[in-house]
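Have the viewer open as you read.

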Amino acid sequence: MKKILIVEDDNKLNDGIKLALRNEFFCLQAFSLQSASDIYKEQSIDLIILDVNLPDGSGIDFMTEIRKTDTVPIILLTANKMEMDIVSGLELGANDYITKPFSLMVLRARVSVQLRNEKILGDVYRNGDFCFDFEKMEFTKGNTILELSKTEQRLLRCFIENKGKNLSRSQLIDYIWQGDTEYVEEHALTVVVNRLRNKLGNDSECIKTVYGVGYTWTRI
């Protein structure tokens with residue numbers, strides 16, 4: 001059974017999350033950063049649900065420290081709905097970001113998505129000049145390092161996981177923003193695809209537009 005570390009100082013919410021997940025996952029509870037750190041060092045954790053504001057410090061700092069050595073999926077919890085804070089959390093290494101209050105059913109679905117995506121984290125994709133290491137988050141084309149944002153990495157990972165398949169715009173949007181699509185504008189996907197194509201340079205044709213449907217990764 002997958003182990004999930006719940007780091008949340010609100011006892012009622014922490015217990016509620018554990019109750020929502022306990023039938024599918026083994027849940028470990030922490031109510032402070034110190035207890036979370038102790039559990040993390042002692043246990044093999046498959047996913048962390050992490051509150052941003054804790055009594056003894058910032059969850060962001062805890063996540064940043066973890067990201068130095070570990071790619072374990074992390075879902076941030078926060079009462080802050082500011083767009084820049086959401087972007088910052090994701091850019092600093094969060095896999096997902098949920099604002100309070102939230103549905104426990106939605107949280108459970110987000111957890112399942114992260115653990116499902118985890119299966120490709122250890123894969124390295126090589127094709128021609130391309131070498132994409134999703135575990136180390138290193139992406140190269142020949143001797144050139146491709147600097148990809150978290151959003152571009154998610155898009156690329158979705159393409160590689162489904163190479164050769166036609167992916168609809170709605171499928172890609174749901175994968176990249178992982179269900180939190182309420183504030184995602186329609187052209188946002190087009191912008192991300194174009195940015196990734198620009199970074200791939202002359203090999204951008206490997207992302208083929210399927211008119212009326214979406215896109216496909218052509219290099220199998």
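A quick convention before we start: buried means under 20% relative accessible area, exposed means over 50%, and partly exposed is whatever falls in between (1.4 Å probe, protein chains only). What you're looking at is a predicted model, where local features need pLDDT of at least 70 and side-chain atom pairs count only at pLDDT 80 or more, while totals for chains, interfaces and linings use all residues. Residues are numbered from 1 along each chain as its sequence is written, and side-chain values use heavy atoms, with hydrogens and water left out.

Start at Q114, which sits in helix α5 (residues 104-117); helices (H or I, at least four residues) and strands (E, at least two) are DSSP runs, numbered from the N terminus. Because its relative accessibility is 2%, Q114 counts as buried. Its side chain reaches the backbone oxygen of N95 at 3.5 Å. That's a polar contact, meaning a pair of N or O atoms within 3.5 Å; within protein, one must be able to donate a hydrogen and the other to accept it, and residues adjacent in sequence count only if both atoms are side-chain atoms.

Now for the greasy part. A nonpolar core here is a set of buried Ala, Val, Leu, Ile, Met, Phe, Trp, Tyr and Cys residues joined through side-chain atoms within 4.5 Å. The largest one has 26 residues, and F132, L155, L156, F159, L200, I207 and W217 touch the most other members. At least two residues of this core come from each of β9 (130-133), α6 (150-161), α7 (169-177), α8 (188-200) and β14 (214-217). Apart from it lies another core, of 23 residues, including L5, V7, L33 and V72.

Finally, the rings. Rings of Phe, Tyr and Trp (its six-membered ring) pair if their centres lie within 6.5 Å; planes under 30 degrees apart count as stacked, over 60 as edge-to-face and the rest as tilted. By that rule there are 9 aromatic pairs. Y125 and F132 are stacked, at 5.6 Å centre to centre with 20 degrees between the planes. Y125 also pairs edge-to-face with W217, at 6.1 Å and 80 degrees. This pair joins distant parts of the chain, with Y125 in strand β8 (residues 124-127) and W217 in strand β14, 92 residues apart.
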